[in-house]
Amino acid sequence: KLLESTGKEGRSTLRSVDLASGKVLKQVDVAPQYFAEGMTVLNGKIYQLTWQHQVGFIYDYWTFQPLGEFNYGGEGWGLTNDGTSLILSDGSNRLRFLDPGTFKVTRTIAVTDSGKRVNQLNELEYINGEVYANIWHDQRIVTINPSTGAVTAWIDCSSLLPRSGAHDEEAVLNGIAVDETS
């Protein structure tokens, strides 16, 4: 199954989807005023961000029952965790590490590649000790050292997006999924 946070005001959801068929197995509708963004699972809880409302939602992993809300400053784009901290992106080149109990920022790193800022950090995943970030309006994913903020690699995903005649500037790669079983 795939856990997915979908966005758009009035249409945002948290859902579990059968990967083979695409069938929605379980779904929670987010209140219509919110545009849902990134989400992560930590210690049996699902944490889900909203884009511009500075509020996140907490759900039980197994039942999707709401457990609470939390607040953070700025925009919410992507969210992952390293097993201890929640890691939040806001579209800048900064990643904020939050205590999952208090939601206070414990540290911030600036993401750079050879000293140059890497902006538009969007969806995040923590994989094998590194943070992976999809870059908004770019066809690449960047891997980041979570201690220093230094870019360790670029992954070119341009072959995943078909080259059609469409010119919708929002038809971009927008997310990362990890299969933890492989």
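**Figure 1. Salt bridges.** A salt bridge is a side-chain nitrogen of Lys or Arg within 4 Å of a carboxyl oxygen of Asp or Glu, and four are counted here by that rule. The model is predicted, so to speak of local features pLDDT must be at least 70, and of side-chain atom pairs 80 or more, while totals for chains, interfaces and linings use all residues. Numbering starts from 1 along each chain as its sequence is written, and side-chain values use heavy atoms, leaving out hydrogens and water.

**Figure 2. Asp138 and Arg140.** Here Asp138 and Arg140 form a salt bridge, with 2.9 Å between their closest N and O atoms. Arg140 has a relative accessibility of 33% and therefore counts as partly exposed (buried is under 20% relative accessible area, exposed over 50%, partly exposed in between; 1.4 Å probe, protein chains only).

**Figure 3. Arg96 and Asp90, a salt bridge between buried residues.** The closest N and O atoms of Arg96 and Asp90 are 3.5 Å apart. Arg96 is buried at 8% relative accessibility, and Asp90 is buried too, at 15%. Look for Arg94 as well: salt bridges with shared partners connect Asp90, Arg94 and Arg96 in one network.

**Figure 4. Arg15 and Glu4.** In this view, the side chains of Arg15 and Glu4 meet in a salt bridge of 2.7 Å, N to O. Since Arg15 belongs to strand β2 and Glu4 to strand β1, the pair ties together parts 11 residues apart in sequence (strands are DSSP E runs of at least two residues, numbered from the N terminus). Both partners can be judged by their accessibility: Arg15 is partly exposed at 23%, and Glu4 is partly exposed at 25%.

**Figure 5. The open sheet β1-β2-β3.** These three strands are arranged in that order, with antiparallel pairing (a pair needs at least two DSSP bridges). β1 and β3 (24–29) are at the edges with a single partner strand each, so one side of each has no neighbour in the sheet. From one strand to the next, the twist averages 15° (axes are lines fitted to C-alpha atoms, and angles between N-to-C directions run from 0 to 180 degrees). Strand β2 (residues 13–17) runs antiparallel to β3, and five bridges join the two.

**Figure 6. Gly56 in strand β6.** Gly56 sits in β6, which covers residues 55–60. With a relative accessible area of 0%, Gly56 is buried.

**Figure 7. The largest pocket.** This pocket holds about 1,400 Å³ of space. Its lining has 38 residues, and the closest to its centre are Leu3, Met39, Glu123, Glu125 and Ile176. Elements that contribute two or more residues to the lining are β1 (2–6), β4 (36–42), β8 (78–81) and β14 (121–127). β4 provides the largest share, six residues. A pocket is an open set of points on a 1 Å grid over the protein atoms alone, where a 1.4 Å probe fits, with protein on both sides within 12 Å along at least five of seven lines; lining residues have an atom within 4 Å of a point. The volume is the space filled by probe spheres set on the points.

Technical notes. Helix = DSSP H or I, 4+ residues; strand = E, 2+ residues; numbered from the N terminus.
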